[in-house]
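Hi there,

Here is the structure I said I would pass on to you. Have a look at it first, and then read my notes below.

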Amino acid sequence: MNAYRHMRWLVALAVAVLAGCGEIERPVVVGAKDFAEQQITAQLLAQTLRAHNIPAEVDDTARNTLDTLGALWVGDIDLHVDYSGSILALAGHPPVHEDPASFVAAQQELAPFELTMGPLLGFSNDYVVLARPGSRAAASPATLSALADRGQALRMGMTEEFRARPVDGFEPLVRRYGLNAEPTLVVPSSPEGKDRLYAALLGGDLDLAVGFGTDPQIAEFGLVGIADDRGFFPAYAAAPITRKALLERRPDIAQALASLEDRVSTEAMQEMMVEVATLGTDPFAAVARFLDPTLPPATDGTLARPFGIAVGRLDAVAGQAADVVLGLRKAFPGRRIEVRRVSDPLAPLRDGAVRYALVSGPELFNLDIERGDADPTAIATGMPLPQTERGKPQRGDADALVPVGFDTLHLLVRPDEDREVWGAESSLGVGPGAGVTARTVVFLESGMASAEAALVPTDATGLAAFRAQAAAVRDGELDGLLIMAETGHPLIAELLASGLRLAPIDRWAAEGNRMAFPFLQPVTIPAGTYPGQTTPLASVGSQAVLAAARQDPTEAVGVVGPGSAAIGQNLPVAAGTVARIREALDVTVGLDPSLPTSTVAFQPPAERREGIGLSPAVSLANLGAILALVLIIRLYLAKPAARPGAPP
């Protein structure tokens, strides 16, 4: 089998030698594969050649790796950027893991066949296996060997090319590590395909996804790389590949390409990938600005300005945040969306540092109590909330715009805990003092007459805060741990696997002051939502929404959309903007009417919207009625005509 593969390699490369025997009088044709980075590298080569007075054009035919090499061999294209690891894999060479050594080995494999590769552009586009932060697959040690040892059934997502690669693709990877994995989702290599891949990963439909190291979604969503600890993947150093005969006849091409040596860092390629794959910038414009930073942006004015969204550190690793970011990108193509992961998403929203925040219902309220504390998180100091200081929620500094999901309060306890955990004798961890869990639990304490547990916050942030308090529950230092998160959140599954169990929160339905706190709704976590959960569990939850800063109508000067030029991003949101976001998120449910909102967030009923337009028949009937009325009025006001023989 190996001999047959090598024979095909030899024959194909012999064709390359013959293809280079004729003079090239047409412009140099630069080829590309079928993903965004290759569109960028094709423009990089073509624009560099033109800058050296060498006519060049880009063949925009989307090809996979084998088809692109085939086009080079038969002379349909003259050069393209390829990767050292791909060349070595095709030649049957063992993987080489350092860029310089991999590049030298690839040159040696190509040299007998009169093909040449170089210079190194400066970046490497390695395959990476990725997991959601906080998921079981990302648990330490985050290595492929550890996943194989655990025997976990893995749902994997990947591109069509990776699925089909015979040497460094899905099936060889599974065989090398002995993974119990299935190709659950296979997508095109296009930006739309990559968005689908990463949305499925963050939404919990996949355990692992295989991407490129330069994919902008990795940093955007804080994905965790799973270490290739057995060295399955080679280094994929990027460099132009062409026929040696062409460079011998056209030394000016070699000189032009030499100017690109180490010119493109990994960070620079990632930035261009953000422009092309995320913002929809034309690859020509993105590369032109890279080569000449003095060029103006492709899009002027306010639409080129980024806007931010703040998400809680728990939300950042779950599906709702991915849905919102991808929805905003769809609603506002060409806009750079900056995601901030913080403990309190409302803080940067109030400061005008971001345009939107992903929050749960309780975060839109403050607690008004007799001692004057406006912020409920200030009460979460490890002491129970006194009965005399219970209060009512007051509208906060932000308005709900669009519903995006639902958050549920989870109570985790020790498996042997058989008493009522939430009571006056209990101490309950609530995570960061400025987080949504602490705020929600203080509201619940204020609304239940018999609660009064000691609420214990922590100075730690993010997932680490809850993991530390989960350890305190296991050690008996805390009676329970509360976490407000979307149902099915990977952190809950992780903590259950560490030796805790879920307990019901059923007092709110019977005792809660739902008149004062209508945004806190009794819910049930369905059986089977988490591993080992065999029965439904009562709980409480609230709608998760995309929110914007609350505006004082007396200070507003007009209504503008997110592209408005102003200092900061704390501006009113137009009704049309809200409608675009709702459409992009495919929202079918309305906002919880108990949440604070502005009028722009409400959509008129469908029958009212449809009734605004009139059909042509109705319009003609109305016009006829108006003309008839005008005629009647005119006849009534007209003087009667004089009769013959009548006196004047």
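**A sheet and its helices**

Helix 9 (residues 191-202) lies across strand 5, strand 6, strand 7 and strand 8, and it runs at about 145 degrees to strand 8. Here, lying across rests on contact, meaning heavy atoms within 4.5 Å. Angles run from 0 to 180 degrees between N-to-C directions, and axes are lines fitted to C-alpha atoms, for helices over the stretch in contact. Helices (H or I, at least four residues) and strands (E, at least two) are DSSP runs, numbered from the N terminus.

Before you go on, please keep in mind that this is a predicted model: local features need pLDDT of at least 70, side-chain atom pairs count only at pLDDT 80 or more, and totals for chains, interfaces and linings use all residues. Residues are numbered from 1 along each chain as its sequence is written, and side-chain values use heavy atoms, with hydrogens and water left out.

Helix 8 (residues 170-177) also lies across strand 5, strand 6 (154-159) and strand 7, running at about 160 degrees to strand 7. What order do the strands of the open sheet take? There are five of them, in the order 7-6-8-5-9, with mixed pairing. Strand 7 (181-187) and strand 9 (224-226) each have a single partner strand, so they stand at the edges, and one side of each has no neighbour in the sheet. From one strand to the next, the twist averages 40 degrees.

Two strands pair if DSSP finds at least two bridges between them. Strands of a sheet pair through backbone hydrogen bonds, either parallel or antiparallel. Strand 5 and strand 8 (residues 208-212) run antiparallel and are joined by four bridges. If you want a spot to look at, V128 has G211 in strand 8 as its bridge partner.

**A covered strand**

Is strand 17 mostly covered or mostly open? Strand 17 (residues 427-432) is mostly covered, with six of its six residues buried. Buried means under 20% relative accessible area, exposed means over 50%, and partly exposed is in between (1.4 Å probe, protein chains only). Strand 17 runs parallel to strand 18 (residues 454-458), with four bridges joining them. Strand 17 also runs parallel to strand 19 (residues 480-486), this time with two bridges.

**Two helices side by side**

Two packed helices are described by the angle between their axes and the distance between the axes. The axes of helix 18 and helix 19 come within 11 Å and cross at roughly 25 degrees. On the helix 18 side, L463, F466, R467 and A470 make the contact, and on the helix 19 side L491, E494 and L495 do.

R467 and E494 also meet through their side chains in a salt bridge (2.8 Å, N to O). The pair links distant parts of the chain, with R467 in helix 18 (residues 462-474) and E494 in helix 19 (residues 490-497), 27 residues apart. R467 is partly exposed at 32% relative accessible area, while E494 is buried at 18%.

How many salt bridges does a search of the whole structure find? It finds 14, where a salt bridge is a side-chain nitrogen of Lys or Arg within 4 Å of a carboxyl oxygen of Asp or Glu. One of them joins R165 to D168, with the closest N and O atoms 2.7 Å apart, and both residues are buried. E161 joins R165 and D168 in a network of salt bridges. R395 and D399 form another, with 2.5 Å between the closest N and O atoms.

Most residues other than glycine have a negative phi, and most peptide bonds are trans. N53 has a positive phi, near 60 degrees, and sits in the loop between helix 2 (36-51) and strand 2 (56-58). The peptide bond from G118 to P119 is cis, with omega near 0 degrees. P119 lies in the loop between strand 4 (115-117) and strand 5 (127-131).

Happy browsing!
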